Amino acid sequence: MRRACFKFSWIAAALLAPQLLIIFIFFYWPSAQALYWAFTLEQPWGGGNTWVGFDNFTKVLSDPYYWGSVRVSVIYALATTVIAMGMALTLAIFVDRQLAGYRAYRVGIIWPYAVAAPAVGLAFQFVFNPGAGIFSYINTIAPGWWDLSKYPWQAVTAIVIAGAWKQVAYSFIFFLAALQSIPRSLTEAAAMDGARPLRRMVDMQLPLLTPTFFFLLVINITDSFTDSFGIVDTLTGGGPFRATDLMVYKIYADGFRGFDYSGAAAQSIILMLLVMALTFVQFRYVERRVHYT
Amino acid sequence: MIERTPLLNIATHLILILGLVIILVPIWLAFVAATHTLQAVNSAPVEFWPGDQLWPNLKEAWVQSDFGPKFVNTLIVSTGVVVGKITLACITAFALVFFTFRGRMLIFWAIFITLMLPLEVRIVPTYAVAANALSPFQTIMDATGISWLIATLSGVEVALEWNLLNSYTGLILPLVATATGTFLYRQFFLTIPDELVEAARMDGAGPLRFLWDVLIPLSKTNIAALATIMFVYAWNQYLWPLLVITDRATYGMVVVQLSDLVPDQLTTGGGTPTWHLAMAATLVVMLPPIVIVIFMQRWFVRGLINTDK
């Protein structure tokens, strides 16, 4: 693709070596290791591995707790994605009108991106706390009605809201960038044809956002599988009764608290396949099918 | 705007203000909690306006969590990750774009695929590698018989060990590999005109001089954009430091400290939850990346959009 190049020499090899070495040690090797563990049974206190075939997978897949974890992960992924993207899209479309104070609005919506997931979890734990936060109001009216540590649906609602709160900024940035890349001549032509702002939003801007929309859909779902750890760990700790035991959290708990490396590895492999499938869908279909510009 | 739409403008402002309020409320409540005393925070009618205890609470939270050394650690690790990522991204992309050799695309894809599996997904085996970063080579040498060969020839038992747990290296190294950064740099390098390369070669510049004297000055905006997003990424790391660092007093990072502040039965021993301190600490921890994002907004947005698209 490039005509003028340097000839390959030891310099190129030396420049490539560090990154390749690091991804080999910390990426490819552990992934292979996970695959190995998933098909063997490892003794946590040493003593070698024995080949067990698909036993670890059948054990994981026949575990009702695992399916509970999958269920809540899917609920969490869909709910946070819908809430975050809906809110981000609405805000982006109105910020894009560039009225007075446009910059202030933009900063005001972007900054949550910088907040660490465990900090979000901790802040929301206070907000949703039955004894001290605003929800203590509800409990003065109906004592004992709101308690995250007792009612699973409340805990799930809490992590969904916290997760969505954290995700809004990211989608907002992308929606706004996409809206601003719509040529002004297009907007003006639509206005000349008599399309008022609301009509333009529905019939012009939204269709033009489709590629961004699908891109964000996949990214948000993938992120909710992988980024949720910090929020769950500080907000609910996986409880009550494992109601918020998201997949990444369960891998961590099984692997590092239960010392069940093989089970955790089997779960990792399943999650890896899931994330890879989503990324594949992203590249193969979304990028190709939806294309307007 | 093109036409006058007074009613819609009012609606726009209302919707945006509502959005801002929704986004601000949780952090506002956390902030208010951090400005009151223990009794005020835990009494039934919730305070909506800040009190006068912010400074004492911040001070107490700071001392209680021993934030001083932890901020230094976090700063060291974040700087290490940012510098490491940018350097690696730059030199890898340079080698991939400006040199011709077979297997170039293969290497590009090998790096690009790492995007698909974030650290959280392969956390257990990665932790095992961190306990001994040389274990891959040990296993390979054992499997291929090289270590047996060395042992019989020289009598030296091959036992490679490099423990990364409880060290800055362990915190930084697994985080510096960067597919997104390499990708961003590659995109930028592809826009460099061939004439520039030819001119540099005509003037007798070798590849390294070309990289240092021509490309790096040209990629300053790239560096600023990458540095902003990578700093936020590194500062907010939670799961990895939580596992790798057991010696929190020496190597602890501020974000991990939050896990100790959750006021539950464990930390308060059945006493009144110390929300005012937990919230004060949360504010302290979340502030630096927020400041960076607000002040570096332009670079931050550019970096985010260019790396992911």
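Chain A holds 13 helices and three strands. Chain B has 19 helices and one strand. The model is predicted, and chain A averages a pLDDT of 83, with 93% of its residues scoring at least 70.

**Overall form**

- Chain A has a radius of gyration of 24 Å, whereas a compact globule of 293 residues would have one near 19 Å.
- The C-alpha trace of chain A spans about 75 × 75 × 30 Å along its principal axes.
- Chain B has a radius of gyration of 26 Å, well over the 19 Å that the globule rule gives for 309 residues, so chain B is more spread out than a compact globule.
- For chain B, the C-alpha trace spans about 75 × 70 × 30 Å along its principal axes.
- Buried residues account for 58% of the 293 residues in chain A and for 50% of the 309 residues in chain B.

**Confidence in chain A**

- Within chain A, confidence is highest in helix α3 (residues 64–95), at a mean of 91, and lowest in helix α6 (residues 135–141), at 73.

**Helix α4 of chain B**

- Helix α4 of chain B covers residues 67–98, and its 32 residues should span 46 Å at 1.5 Å a residue.
- The end C-alpha atoms of this helix lie 45 Å apart, which agrees with that expectation.
- Of the 32 residues of α4(B), 23 are buried, so the helix is largely enclosed by the rest of the structure.

**Salt bridges**

- The count over all chains is four salt bridges.
- A:Arg184 pairs with A:Glu188 in a salt bridge, with the closest N and O atoms 3.2 Å apart.
- Both residues sit in helix α8 (residues 184–192) of chain A; because they are four residues apart, about one helical turn separates them.
- A:Glu188 is partly exposed, at a relative accessible area of 34%.
- A:Arg199 forms a salt bridge with A:Asp203, where the closest N and O atoms are 2.7 Å apart.
- This pair lies four residues apart in helix α9 (residues 197–208) of chain A, about one helical turn, and A:Asp203 is partly exposed at 48% relative accessibility.
- In chain B, the side chains of B:Arg209 and B:Asp213 meet in a salt bridge at 2.7 Å, N to O.
- B:Arg209 and B:Asp213 are four residues apart in helix α12 (residues 207–218) of chain B.
- B:Arg209 is exposed, with a relative accessible area of 53%, while B:Asp213 is partly exposed, with 41%.

**Nonpolar surface patch**

- B:Ile146, B:Trp148, B:Leu149, B:Ile150, B:Leu153 and B:Val156 make up a nonpolar patch on the surface, with about 610 Å² of accessible area together.
- B:Ile146 belongs to helix α8 (residues 146–154) of chain B and is partly exposed, with a relative accessible area of 40%.

Definitions and conventions. Residues numbered from 1 in each chain as written. Chains lettered and ligands numbered in written order. Predicted model: local features only at pLDDT ≥ 70, side-chain atom pairs only at ≥ 80, totals over all residues. Heavy atoms only, no water. Patch = residues over 30% accessible without salt bridge, like charges linked within 9 Å, V, L, I, M, F, W, Y side chains within 5 Å. Areas by Shrake-Rupley, 256 points an atom, 1.4 Å probe, with all protein chains shown as cover. Helix = DSSP H or I, 4+ residues; strand = E, 2+ residues; numbered from the N terminus. Buried < 20%, exposed > 50% of the residue type's maximum accessible area, 1.4 Å probe, protein only. Expected span 1.5 Å × (residues − 1). pLDDT = per-residue confidence, 0-100. Rg over C-alpha atoms; globule rule 2.2 N^0.38 Å.
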